[in-house]
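Subject: A structure for you to look at

Hi,

Here is the structure I promised to pass on.

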Amino acid sequence: MNKQNMTEQAKNIFPWMIMILMSSVTFVGILSELMPSGVLPLMMADLNINEIQTGNLVGYYAIASAVFAIPMIALTMQFNRKYLLLILLSGFAVSNIVSGLVHNYTVIVALRVIGGICAGVMWPMIAAYGMRLVDPRHHGKAIAVIMAGTTLGISIGMPIMTAIGNDFGWRTEFIGLGVFIFLIALISVFLLPSTPGEKLTKSSSPFAVLKLPAVLVVLLLTLLGVIAHYGVYVYITSLVDEINLAGGIESALLFFGIGSLISVLLAIKLTDKYLQLLTVAMFALIIISMVVILVFGRTTGMGHFAFFLWGISFGPLVTLFQAAVSRQVENAKDVATSVQSSVFNLSIMIASSAAGLLLGVYSPMSLLYFAIALAVPGMIISIFAKQALGRAIR
């Protein structure tokens with residue numbers, strides 16, 4: 001058996017250990033981004049800054065991710081994937097550890113921007129890296145497993161890290177995460193396979209990718225889906241208070257998290273074969289869950305059920321759109337997913353701003369109508385987007 005046949009045979013066997021290791025990278029990636037939001041009062045008091053300045057520590061990170069994703073992916077395409085990921089993990093670790101040690105707000109902002117740049121490269125490249133290690137039949141499965149780390153980070157990681165921050169101080173939380181990231185990097189040195197980069201050509205540039213109609217459809221669906229979800233999620237506490245949900249925000253997040261975890265498992269199993277159906281279902285479920293909250297949200301049990309349904313819709317959000325855009329290109333999947341990742345981050349910022357404006361005039365219930373208004377066209381487009389969602393390049 002020659003070397004090429006051995007490589008192909010290896011690709012047919014799904015590398016669970018490697019994919020779970022990559023999932024741990026997305027797990028710490030989302031924690032690095034969101035951690036300040038769980039310990040805002042502690043950081044405000046320690047650094048002597050106001051609420052807006054503290055919130056900006058998340059905002060600057062997200063902006064850096066969105067702005068630098070495409071140019072940095074293009075710049076690093078020729079780098080060995082393993083070594084690039086190790087550099088990014090080191091960037092995450094240093095950003096968090098040094099942030100936990102210094103007392104100057106401006107320096108922490110700079111470190112958050114560095115972390116954001118690392119995230120802007122990591123999110124699209126790790127999905128493309130994972131796809132190169134498996135047979136094309138398992139591309140969706142690989143993305144689903146890798147991106148499951150984001151759902152676990154939001155539903156499990158954030159409550160744990162926030163508890164650590166509240167009990168031992170926000171600096172301990174940041175330094176602890178940094179050390180954990182270094183541990184993941186050390187394991188990655190031994191377990192991750194070395195994979196060469198790709199040459200950036202005219203046909204694989206971001207501009208070439210944006211000329212593909214199917215890619216534009218996926219980007220539109222990303223915009224609609226992400227704004228619909230995050231427009232409500234960013235202000236989930238206000239919504240829970242408005243409907244007076246039994247058990248409060250903890251109860252809402254518990255049912256939301258359970259639904260998210262279930263949908264991630266379904267995405268791992270079904271994305272490769274039923275991408276279009278799952279995308280339609282994702283939009284349909286957010287519509288149903290928002291309607292249930294509007295009509296029955298104050299009824300005991302129904303509100304919790306609505307948050308559970310919403311979690312099922314929310315869980316595979318990243319997976320579906322990254323799998324869809326990666327199907328449209330044979331080479332330079334890093335570039336395609338970086339374009340999608342930039343639109344994803346931009347959509348979160350739009351969602352936060354638009355929802356904030358609505359809350360300034362109307363009640364939190366208006367956010368539900370906002371989500372429905374975006375999800376309905378998203379579902380309709382998904383039904384007819386057979387080329388963008390139903391065809392995989394082989």
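One thing to keep in mind is that this is a predicted model.

Let's begin with the largest pocket. It has 49 residues lining it, and Leu34, Ser37, Met158, Tyr233 and Val234 are the ones nearest its centre. The space inside comes to about 1800 Å³.

Which helix gives the most to that lining? That would be H12, with nine residues. Several helices supply at least two lining residues each, including H2 (16–38), H7 (139–168) and H10 (213–233). If you sort the lining by residue type, you get 28 nonpolar, 18 polar and three charged residues.

Now for the surface. There is a nonpolar patch of about 780 Å², made by Met17, Phe180, Leu183, Leu186, Ile187, Val189, Phe190 and Leu191. Helix H8 (residues 170–191) provides the largest share of this patch, seven residues. Leu186, for instance, sits in helix H8.

Last, the aromatic rings. The structure has 11 aromatic pairs. One of them joins Tyr233 and Trp310 in an edge-to-face arrangement, with 6.3 Å from centre to centre and 70° between the planes. Tyr233 belongs to helix H10 and Trp310 to helix H13 (residues 302–314), so this pair ties together parts that are 77 residues apart in sequence. You have met Tyr233 already: it is among the residues nearest the centre of the largest pocket.

Methods
Residues numbered from 1 in each chain as written. Predicted model: local features only at pLDDT ≥ 70, side-chain atom pairs only at ≥ 80, totals over all residues. Heavy atoms only, no water. 1 Å grid on protein atoms, 1.4 Å probe; cavity = no way out; pocket = protein on both sides within 12 Å on 5 of 7 lines; lining within 4 Å. Points joined across faces, edges and corners; volume = space filled by probe spheres on them. Helix = DSSP H or I, 4+ residues; strand = E, 2+ residues; numbered from the N terminus. Nonpolar A, V, L, I, M, F, W, Y, C, P; charged D, E, K, R; others polar. Patch = residues over 30% accessible without salt bridge, like charges linked within 9 Å, V, L, I, M, F, W, Y side chains within 5 Å. Areas by Shrake-Rupley, 256 points an atom, 1.4 Å probe, with all protein chains shown as cover. Salt bridge = Lys/Arg side-chain N within 4 Å of Asp/Glu carboxyl O. Phe/Tyr/Trp six-rings, centres within 6.5 Å; stacked < 30°, edge-to-face > 60°.
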